[in-house]
Amino acid sequence: MGEFPLVIFTVLSQLAVGALITVVLLDHYSDKIDKSLGKKLTLIILGATAVGLGFSLLHLGHPFEAYRALANLGSSWLSREVVLFSVFTLLLIAYYFQWQKDSSNKKIVGILASVTGILGVISSGMVYVLPAVPAWNNFSPLVFFILTAVVLGPLFVIAVLKLHGITPPSNLVGIAGILLAGYLLSFILYTSVLFSSAGASGQTAAQMLASSSFWLRIGLTWLLPLGLIFWVIRKQTSEYKYLAGIFLLVFAGEIIGRYLFYDTAVFLKISGF
Amino acid sequence: MKQKVFSRRSFIKGSTAAGAALGVSGSIFNFMFTGLKPVEAAEETGKKVFQNACPRNCYDTCSILSTVENGVLTKVEGNPKNSFTRGRLCAKGNSYTRSVYSPDRIKYPMRQKGRGTGNWERISWDEAYTEIAENILRIKKEYGSTLPICLNKYSGNFDILHYGIEGMMSSIGNTSRATGTPCWPAGIDSQTFDMGTIYNNDPEDLVNSKYLILWGVNPAWTSVHSMYIIQEAQRRGCKIVAIDPILTQTAVKADLYIQVKTSTDGALALGMARYIVDNELYDRQWLENNSLGYKEFIEYLRDNITLEWAADKTGISKELIETLAREYATAKPANIWIGYGMQRHTNGGQNVRAIDALAALTGNIGKSGGGAQYAQLETWGFNYHAMTQDKPAGSGGSGDRAININNFPAEVLAASDPPIKMLWIACRNPISQDPEASVSRKAFEAMGLVVTADLFMNQTVEMSDIVLPVTTLFESPGVNVSYWHYWLALNEQAINPMYEAKNDVQIAMELSKKLNELEPNSSTYPTSGDQLDWVGKEFNSNIYDQFGLSDWQELKNGPVKAKKGLIAWEDGKFRTPSGKYEFWSEEAGKFGHFPLPAYLEELKPTKEYPLRCISPHWKLNIHSQFQNLDWMEAINSKPFIELHPDTAKSYGINDKDSVKMYNDLGYIIVPAKITTSVPPEIVVVYEAWYKDKNFNVNFTVKAIPSDMGRKATGMPGLAFHDNFVNITKV
Amino acid sequence: MAKKMGFLVNVDRCFGCHTCEMACKNVYQLEPEVRWRKVYEIKEEYNLPERSFMSLACNHCEDPECKRVCPVKAYSIREDGIVLQDQSRCIGCKMCIMACPYEVPQFNTKLKKVEKCHMCFERLDKGQETVCVAACPAEAISTIDLEEYYQNGILDSLPGFPDPDITKPTTRFIKPRTGIQVRRDNNG
């Protein structure tokens, strides 16, 4: 688990971005979120971001010199990621005060924060687009990081709403289900492309498939939650335990999935395999 | 000697230039001193360069320049003054700073409560000396002599001052001594019978060869500087032929590699000789003038040797034997380098004699670019002052007792009247390196006291009662020569001894003092003396003459090379009884050998143990030295067994599978490395000591004597490579 | 014209003795696990699986990935093409370790920073050879200016060397010749 800090950072930051987008959209399209809940949600999102960033520092040899990572915006996606998430954090704080003040700029700030967050997630993905890691050297880190955000975010907000006795909009669960199904399809596509390729990519796929965590992840992220979502929609129920359960399953699946992302990546090696 | 004299100005100038060149910040230089104390300020940096010499049991005996800053050895380099090592070292030599500063070094004397328990306690040097001295005196009183005390010292450090350990034993009386050598005795006897002694051409002369056969030798791993000369000869048009059962790193660089069946080298040489004789390619003139018994040899060949037989024995086609023989006999000058590995067989001595005979038949001996190279001791004519000590008055026994180093534990256990009660081990790791490792342990267990002087906590130290920390070559002075090249180098003390380490001569002096305190006149060993003076006492007029020196202190300017005698037997004065090259050696007959180089049947595998295990040298160690260092572990950290793909397949073994290699003596379990560099009937496990690993190939190696060795070294050699085993996947 | 310095590795001369990497470790007193230069076995060709070697340090690429991904701009390229890493800037994010296709940058667990071969630029500036070049008993390594140097049969890759198109390494190779081998198995 050498990359544990990065697992936590990427999943939490993506969860935060997805959740923020969901809050901004809900705020615009519905009246489900009142001031106190809006503040609370924003604080939780801010907290997740802060915890994530904190963990990201643990990955560094010299955490207190992290500020210097801003130096290479010209070519380093890591520099860009640091800038974008720093700005994202500041905008989240601003967003919180917009809720506090019931400001008319709330929507603008929310949109700005969301866009910055999405760009942050994209830059997180781009960090891993490396020719030295063939399994990553494509759209997959980008696509999967965004999918993590847009799947975890709504599921998280749904659970929080329900916790506060608010029934989430009925179509939101459906949308989350569709996104999750799309995630599964793209993951299957990616894995089969990897599996059919030679060299490091093929090795990555082989390592993934050989790992029991991989199958656990398939179950946690997709099979169980999709089944539950299907069931919840079928039964027209919105009990908290089911909605929270869906989120927790996917969240756990994503943590395992991200661990596998780092653990099964095969780097180009001198003298072959 | 250790004062800070390096020009301060030049250091500052150097560091300024470096900072400017970088163009960023100076702090990038911090890394240069990681692992050492950072240099605080340029003013404090005293930097001095010392002359050192690598004392390992190795052909190359490199001349080293060591840089010492603030009393810290910061780097080693080859000394460019030595034209054989050419300012270069090997991987092992370049790891020396790590030996010196290894966290694993034994730092102070320790006593173990129960051998093999690891229950060590730190003791003072005085406590150690007292316990050892009391034990010696008790033995002497009980048995009337010091014969129950046995020394086992050999090749861990070939610096001449280290013979002071033998001197220490002499100084207390008659003792038992591990006698002989595991390395090379059969070949020494062969060349002694043939020519009177071992004597090779200056290896730098290899470039003058037109044809060079590397016979059972792997200089790419065991003599990297010779390998350069071989490749240089190749570039100048010399054809390089490697004959070896293993496709060694040297063999792949040859123009022609011939995979001979193990231990049949003599059959190949005799087959070649037969072809040379049949085709009149021999040098009749040379043979007439310089040899004895060549007609008898030719007769033996005609009566007993055919090329078909040789082809059948060696697994090499008749045509190839013919080609090889013709090429070798017609290229002038043609050279053969005979390795030590190929004589570690029950017929090794006879095989070397047969190869020598090829060189003599073709008149290649005594010539630049020619010869049958094995080794030389021509440059070893020291006084052995440190070694030569008088026995104290009233020593019991009539002389030292020889214990065969090659069957050491069994002979130690069998010794009687008086039995052996105490072992002193220095410059050796017998439990790791001797055959029959389990018997070694039994012998140690039977002792009253085992004292080992060493650098690291190896298997032998683990079975000792008292361990004494010794210095590295940088911590005490000495003088070194090679058994291969012709350079002589001073070894200066470059740094203070680390921790409480002491040099072997110092240990001898202090032990002597303690003995005489407890019982006056019980040791004749000097109790004081400057070690550098002792180095000077090793020199004599012959050495000065040979090396063109007027005083040994001139060596402080750098190593020197012998000025004469660089082409072996150039004068044609062989040191045999007849003064000629002896195909027919009465002397050999006296030692029970057939007087001619005749074929002696090789040992063959059995049904139960169908594979031959060869345990040669590994490139990252010399015996049990170096592979234990973490710098080596970063390159390779574990032993393995090399198997041919066909062999692996027939045993159902895949690469990296765990393999048990066993015979009636013992077993080892190591991962498989599948490679076509070994033939199907052979497995290879490199002999080594790995730190914290219960690995020892000698668990399976029997103490089978080789055919020769008794004449020159007192004991026969060891047939290390006649080890038959079986394997199974575990 | 600016120089373009690179290592020329003569695999024909190299016999895999590891002296180069140990000499480097010795002069720069590297941590035990850190190897600025490494000797790799060439596995895939020549029918001599473990007997040909590639001695590799930093390839001082024209298009270094380490430099591109480093967030603190610790990497720079000198005028002569040597890729330098300023360790004082490094914060130990290990991006370069992930990005280099040649396993060159290495993490120093004591300093918690990355380090790598700098082609002994100080020594080169003084007109001396690099440590590895000076130490190699086979004289199998040299440093060359790619703008000046030309020799037939120089390769920019060998089997097992990751695709040079990614970063344009300046390391060049001379491939090994093989003598005649008479082996007693069926593969000889």
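User: How far apart are the closest C-alpha atoms of chain A and chain B?
Analyst: This is a predicted model, and every value here is computed from it. No contact joins chain A and chain B. Their closest C-alpha atoms lie apart by 13 Å.

User: Which of the two pairs of chains that touch has the most contacts?
Analyst: One contact takes 30 residues from chain C and 23 residues from chain A. In another, 55 residues of chain B are in contact with 42 residues of chain C. The most contacts are between chains B and C.

User: Which element supplies the largest share of the side of chain B that touches chain C?
Analyst: Several elements of chain B each supply at least two residues to this side, including helix H1 (8-22), strand E3 (72-78) and strand E10 (256-258). Helix H7 (224-235) and helix H22 (630-633) are also among them. The largest share is five residues, and it comes from H7(B).

User: How many residues on that side of chain B are nonpolar, and how many are polar or charged?
Analyst: The side in question is the one that touches chain C.

User: What is the bridge partner of B:Ile258 in E11(C)?
Analyst: Strand E11 of chain C covers residues 180-182. Three bridges join E10(B) to this strand, and the two run parallel. In E11(C), B:Ile258 has as its bridge partner C:Val182.

User: Which elements give two or more residues to the side of chain C that touches chain A?
Analyst: The contact takes 30 residues from chain C and 23 from chain A. On the chain C side, 18 residues are nonpolar, two are polar and 10 are charged. The elements that give two or more residues are strand E2 (38-41), helix H2 (65-69) and helix H3 (95-99) of chain C.

User: How far apart are the C-alpha centres of the two domains of chain A?
Analyst: Chain A is divided into domain 1 (1-127) and domain 2 (169-273). Eight residues of domain 1 are in contact with six residues of domain 2. On the domain 1 side, four residues are nonpolar, two are polar and two are charged. The C-alpha centres of these domains of chain A lie apart by 23 Å.

User: Which residues have the most contacts inside the largest nonpolar core?
Analyst: This core has 356 residues. Helix H5 (residues 140-163) of chain A gives the most to it, with 15 residues. Inside the core, the residues with the most contacts are B:Met272 and B:Val683.

User: Which residues is B:Met272 in contact with, leaving aside its neighbours within four places in sequence?
Analyst: B:Met272 belongs to the largest nonpolar core. Beyond those sequence neighbours, B:Met272 is in contact with B:Ile321, B:Leu324, B:Ala325, B:Tyr328 and B:Leu358.

User: Which strands stand at the edges of the four-strand sheet in chain C?
Analyst: This open sheet has the order E8-E1-E10-E9, with mixed pairing. An edge strand has a single partner strand, so one side of it is left without a neighbour in the sheet. In chain C that describes strand E8 (141-145) and strand E9 (154-155).

User: What stands opposite C:Met5 in E8(C)?
Analyst: Strand E1 (residues 5-10) of chain C pairs with E8(C). The sense is antiparallel, over five bridges. Opposite C:Met5 stands C:Asp145.

User: What is the radius of gyration of chain C?
Analyst: Chain C comes to five helices and 11 strands. For its 188 residues the globule rule gives 16 Å. The value for chain C is close to that, so chain C is as compact as a globular protein of that length. Its radius of gyration is 17 Å.

User: What percentage of the residues of chain C count as buried?
Analyst: The C-alpha atoms of chain C fill a box of roughly 55 × 40 × 30 Å along the principal axes. Among contacts in chain C with a separation of 6 or more, residues 24 or more positions apart account for 62%. Of the 188 residues, those that count as buried make up 56%.

Conventions. Residues are numbered from 1 along each chain as its sequence is written. Chains are lettered from A and ligands numbered from 1 in the order in which they are written. This is a predicted model: local features need pLDDT of at least 70, side-chain atom pairs count only at pLDDT 80 or more; totals for chains, interfaces and linings use all residues. Two residues are in contact if their C-beta atoms, placed from the backbone, lie within 7 Å. Ala, Val, Leu, Ile, Met, Phe, Trp, Tyr, Cys and Pro count as nonpolar, Asp, Glu, Lys and Arg as charged, and the others, Gly among them, as polar. Two strands pair if DSSP finds at least two bridges between them. Domain bounds come from an automatic or database domain assignment. A nonpolar core is a set of buried Ala, Val, Leu, Ile, Met, Phe, Trp, Tyr and Cys residues joined through C-beta atoms within 7 Å. A residue is buried if 20 or more other C-beta atoms lie within 10 Å of its own, exposed if 12 or fewer, and partly exposed in between; C-beta atoms are placed from the backbone. The radius of gyration is taken over C-alpha atoms; the globule rule is 2.2 Å times the number of residues to the power 0.38.
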